[in-house]
Amino acid sequence: MKDTLNKDGTPRKQGSGRKKGANSFANVKLEDLQQFCGSATLIPISRVWLEKMGASITEANQTKVSVSQAPKEVEEKISFKVHNFIDTQS
């Protein structure tokens, strides 16, 4: 394996960082998760994932989540035609 260098030029320590294919997240069914915790248990959720699901965070201390019902803006479609002009003056 090729040795990689740190920003200061020193060799990087082997085994540092996450290995290829490693993942920080796991997929768990809600049904299985409920066996480990009750309905009042706080579960850490990715803020980015939560926003992608259409929810918004309203309080920082005790996080309360509300699903935004704002309709998505529809982009206007632009009608156009492509013309190929041939230069016959050459």
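User: Which residues form a nonpolar patch on the surface?

Analyst: Like charges are joined within 9 Å, and nonpolar side chains (Val, Leu, Ile, Met, Phe, Trp, Tyr) within 5 Å. Here I43, I45, W49 and M53 form one, with about 420 Å² of accessible area together. Such areas come from the Shrake-Rupley method with a 1.4 Å probe; for residues, only the protein chains shown count as cover. This is a predicted model: local features need pLDDT of at least 70, side-chain atom pairs count only at pLDDT 80 or more, and totals for chains, interfaces and linings use all residues. Residues are numbered from 1 along each chain as its sequence is written, and side-chain values use heavy atoms, without hydrogens and water.

User: Is M53 buried or exposed?

Analyst: Buried means under 20% relative accessible area, exposed over 50%, and partly exposed in between (1.4 Å probe, protein chains only). M53 is exposed, at 55% relative accessibility. M53 sits in the loop between α2 (47-52) and β1 (55-57).

User: How many helices and strands does the protein have?

Analyst: Both are DSSP runs numbered from the N terminus: helices are H or I, at least four residues, and strands are E, at least two. This protein has two of each, in the order α-α-β-β from the N terminus.

User: Where is Q14 found?

Analyst: Look in the segment before α1 (30-33). Q14 is exposed, with a relative accessible area of 54%.

Key
Patches are made of residues with over 30% relative accessible area and no salt bridge: like charges are joined within 9 Å, nonpolar side chains (Val, Leu, Ile, Met, Phe, Trp, Tyr) within 5 Å. A salt bridge is a side-chain nitrogen of Lys or Arg within 4 Å of a carboxyl oxygen of Asp or Glu.
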